[in-house]
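Dear colleague,

Please find below the sequence and structure that I am handing over to you. My account of the findings follows directly after them.

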Amino acid sequence: EKFILSVSTLEPRKNLITLLYAYQILPDEIKKNFRLKIAGNVGWNNDEFENVLKFINCQKQIDLLGRISDEELVKLYNKATLFVYPSLFEGFGLPIVEAMSCGAPVITSNNSSLPEAGGEAAIYLENPTDEKELSDKITQILNNQDQQSKLSRASIKQAEKFSWDKTVSQTLELFFR
């Protein structure tokens, strides 16, 4: 199964409404071949998300997975054709690094800490609330196997820059210089 994956709590700052609209305007051939899977807990103030989901004409191609186990999440990251994370604000963007560590090509927002997490391995949205821009970038990647492969390799390399061992080592170095 081919699919686009997004992982986050269903809340306004995660910008999943833009993702829903972007998915809706994808070419029919892409929607036919690539489901949209969204994993994550229901958060606060998600009434608008639920209303948009009911309104758009492609609900049958969208899977809301809810909270899933870490094991299932790793499987999804590894199987995803594309990972999309259009968040409006993040403290770090751990799901980007998790997806990259599994070789998923990534589209994310060009704001807050997300460019630091994605480095040169991600495709960035200049305007994360522009569903046309997001739809165009999804289409571009899904229609280009070479770009998918290139992004996948770059993702793995980028994710190697982040590890808990490295974080602990660098933190200790700060305290014990």
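In which sense do strand 1 and strand 2 pair, and over how many bridges? In this predicted model, strand 1 and strand 2 (residues 35-39) are paired in the parallel sense, over 5 bridges. Within strand 2, the residue opposite V7 is A39.

This pair belongs to an open sheet of 6 strands with parallel pairing, arranged in the order 3-2-1-4-5-6. The edge positions are taken by strand 3 (62-66) and strand 6 (122-125); each has a single partner strand, so one side of each lacks a neighbour in the sheet. From one strand to the next, the twist averages 20°.

Two helices may be described in relation to the strands. Helix 5 (residues 94-101) lies across strand 1, strand 4 (82-85), strand 5 (106-109) and strand 6. Its direction is at about 175° to strand 4.

In helix 3 (residues 47-55), the residues F49, V52 and L53 are buried. Viewed down the helix axis, the buried residues of helix 3 fall within an arc of 100°, and they therefore line one face of the helix. As a general point, an α-helix has 3.6 residues a turn, so residues three or four places apart point the same way. The cover over the buried residues of helix 3 includes helix 1, strand 2 and strand 3. On the face turned away from the buried side, helix 3 carries the exposed residues D47, E48, K54 and F55.

I would also draw your attention to a lysine in a loop. K14 is located between strand 1 (3-7) and helix 1 (16-24). Is K14 buried or exposed? With a relative accessible area of 7%, K14 is buried, because the cut-off for that class is under 20%. Leaving aside residues up to four places away in sequence, K14 touches S8, T9, Y85, P86, S87 and E90.

Finally, there is a helix pair to report. The axes of helix 7 (residues 131-142) and helix 8 (residues 145-159) come within 6 Å and cross at roughly 95°. Helix 7 is therefore roughly perpendicular to helix 8. On the side of helix 7 the contact is made by Q140, I141 and L142, and on the side of helix 8 by Q147, Q148 and L151. Sorted by class, this contact has 3 nonpolar and 3 polar residues, with no charged residues.

Yours sincerely

Methods
Residues numbered from 1 in each chain as written. Predicted model: local features only at pLDDT ≥ 70, side-chain atom pairs only at ≥ 80, totals over all residues. Heavy atoms only, no water. Axes fitted to C-alpha atoms, helices over the stretch in contact; angles between N-to-C directions. Helix = DSSP H or I, 4+ residues; strand = E, 2+ residues; numbered from the N terminus. Parallel < 35°, antiparallel > 145°, perpendicular 65-115°, else oblique. Contact = heavy atoms within 4.5 Å. Nonpolar A, V, L, I, M, F, W, Y, C, P; charged D, E, K, R; others polar. Buried < 20%, exposed > 50% of the residue type's maximum accessible area, 1.4 Å probe, protein only. Pairing = 2+ DSSP bridges. Arc of directions from axis to C-beta.
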